[in-house]
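Subject: Structure handover

Hello,

Here is the structure I promised to pass on to you. Have a look at it first, and then read on for my notes.

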Amino acid sequence: MRAILLASTLVLAGPACAADDASACAEGITMIRDALALNPPETALPKLRKALRVAEREQKEGEFDECLDAVADARKVLGR
């Protein structure tokens with residue numbers, strides 16, 4: 001009985017987690033775009049552009065966990 005309850009809870013929580021990831025992905029893409037608009041150091045530009053490209057591609061594909069990985073890479077470059 002507990003196993004069924006746990007399984008049903010995880011199944012129902014799935015869409016909510018995906019919505020949170022989608023929102024965080026969109027916010028991350030906005031953060032990267034804003035950082036690029038502020039003219040970051042030349043050494044950071046290629047890494048930020050790549051992170052933005054990957055994040056946007058993964059967002060379109062619905063792979064929000066990979067989008068968040070790209071956003072995390074951008075945050076490392078920015079020191080955030």
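Predicted model: local features only at pLDDT ≥ 70, side-chain atom pairs only at ≥ 80, totals over all residues.

The structure holds one disulfide, and its partners are Cys25 and Cys67, with an S to S distance of 1.9 Å. As a reminder, a disulfide is a covalent bond between the sulfur atoms of two cysteines. Here the bond ties together distant parts of the chain: Cys25 sits in helix α1 (residues 2-37) and Cys67 in helix α3, 42 residues apart. The torsion about the S-S bond of Cys25 and Cys67 is about 90 degrees, so the disulfide is right-handed. Are the two cysteines buried or exposed? Both Cys25 and Cys67 are buried.

Now for the overall layout. The chain has three helices and zero strands, which gives the pattern α-α-α when you read along the sequence. Of its 80 residues, 25% count as buried. If you take the contacts between residues at least 6 apart in sequence, 60% of them join residues at least 24 apart.

Next, the pairing of α2 and α3. Two packed helices are described by the angle between their axes and the distance between the axes. Helix α2 covers residues 45-61 and helix α3 residues 64-78; they pack at an angle of about 165 degrees, and their axes lie 8 Å apart. Angles over 145 degrees count as roughly antiparallel, and α2 and α3 are therefore roughly antiparallel to each other. The crossing of α2 past α3 is left-handed.

Which residues make this contact? From α2 come Lys47, Leu48, Ala51, Val54, Ala55, Glu58 and Gln59. From α3 come Phe64, Glu66, Cys67, Ala70, Val71, Ala74, Val77 and Leu78. Sorted by class, the contact of α2 with α3 has eleven nonpolar, one polar and three charged residues.

Buried means under 20% relative accessible area, so Glu58, at 5% relative accessibility, counts as buried. Leaving aside neighbours within four places in sequence, Glu58 is in contact with Glu63, Glu66 and Cys67.

Best wishes

Note on methods
Residues numbered from 1 in each chain as written. Heavy atoms only, no water. Axes fitted to C-alpha atoms, helices over the stretch in contact; angles between N-to-C directions. Helix = DSSP H or I, 4+ residues; strand = E, 2+ residues; numbered from the N terminus. Parallel < 35°, antiparallel > 145°, perpendicular 65-115°, else oblique. Left-handed = near helix turned anticlockwise from the far one by under 90°. Contact = heavy atoms within 4.5 Å. Nonpolar A, V, L, I, M, F, W, Y, C, P; charged D, E, K, R; others polar. Disulfide = S-S within 2.5 Å. Buried < 20%, exposed > 50% of the residue type's maximum accessible area, 1.4 Å probe, protein only.
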